[in-house]
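Biologist: Please take a close look at the aromatic rings in this model. How are they paired, and what surrounds them?

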Amino acid sequence: MTPPARPTPATTLLITLSLLSILSLATAYRPWPPTTHPNATDLALGASKKFEGSSDFVHLRYHMGPVLTNNITVHVIWYGTWQKPQKKIIREFISSISAPTRRRRSTVAGWWKTVQLYTDQTGSNISRSVRLGREKNDRFYSHGKSLTRMSIQSVIKSAVTARTDPLPVNPKSGLYLLLTSDDVYVQDFCGQVCGFHYFTFPSIVGYTLPYAWVGNSARLCPGVCAYPFAVPEYMPRMKPARSPNGDAGVDGMVSVIAHEIAELASNPLANAWYAGQDPSFPVEIADLCEGIYGTGGGGSYTGQMLEGPDGATYNMNGIRRRYLVQWVWNHVVNYCTGPNALDQ
């Protein structure tokens, strides 16, 4: 067989620029309060979209693409320096998504039931089963301490093509979760996003794989990405809430991780469930409930949350831990729902 011709430098440059422009549109998330200025979602749907009963302003539609109906496996890439207790908080959250509820009220598994309501064109629901898969440690910062959206895909490529213990490749049911430590900066981190999701390009990774990135904001911007466990500088009179697991940065990450996993399950290739006319700027099932953690939430109010005997703020129970996780949009009733709702 004649080997394929090598692309010219000009062709390579055009491909790279095209991919960068697409990646810049990858769906992103940051908890409330993001800034004092409205974001694209606010402008598209109006301020009322932040209230749990904003059905008149939301037109979430199914666009015929796939959702994750097979059993979901989350493969984690730990990029940078991570402590064992930090990893344990996140591992136990992922494992709690499909854990038996045992009649406990307000559970992570109960939160996932709303995500399960979404179906594909055959009527098949998103899988109930979400489990923790293989993990890869990149403790030596293989691509440096400042990552672009493009280099994030390169990190994933390194993880799935490693000579020793590569992550398995499973485009149909595998999710690839890249978590960066608190000394790593990612393009647009803190200023615009706390996490985002998209899918990898075969030209970079070799496969089309749904993935998400979430960063630990403890050093760089806890008031932006770990709210309400830290508060922005422009809110000096507000007291931060006590985090349920004693690590404000990681406890803040958990809600962003939940946000991205829910949207990856319901819109893995950016052509399934979202609101808005432009698939390049989708408003997805967790975007619609940004900053809402309990009944009455909306605007700058998080809603009614729970408080433990130790004073920690949370709204869901995991297998052994407590977590604060934002609600997601329920398209059946047309408002944001969560397992700690007062009418549950």
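Modeller: The count comes to 12 aromatic pairs, where rings of Phe, Tyr and Trp (its six-membered ring) pair if their centres lie within 6.5 Å, and planes under 30 degrees apart count as stacked, over 60 as edge-to-face and the rest as tilted. One of these is the pair of Y198 and F201, which is edge-to-face, with 6.2 Å centre to centre and 75° between the planes. F199 and F201 also form an edge-to-face pair, at 6.1 Å centre to centre and with 85° between the planes. This is a predicted model, in which local features need pLDDT of at least 70 and side-chain atom pairs count only at pLDDT 80 or more, while totals for chains, interfaces and linings use all residues. Residues are numbered from 1 along each chain as its sequence is written, and side-chain values use heavy atoms, with hydrogens and water left out.

F201 counts as buried because its relative accessibility is 7%. F199 has a relative accessible area of 17%, so F199 is buried too.

Elsewhere, F189, F196, Y211 and W213 make up one aromatic cluster. Over the face of F196 lies R149, at 4.3 Å from the ring centre; a charge sits over a ring if NZ of Lys or CZ of Arg is within 6 Å of the ring centre and within 35 degrees of the ring normal. R322 likewise lies over the face of Y314, at 5.3 Å from the ring centre.

Terms used
Buried means under 20% relative accessible area, exposed over 50%, partly exposed in between (1.4 Å probe, protein chains only).
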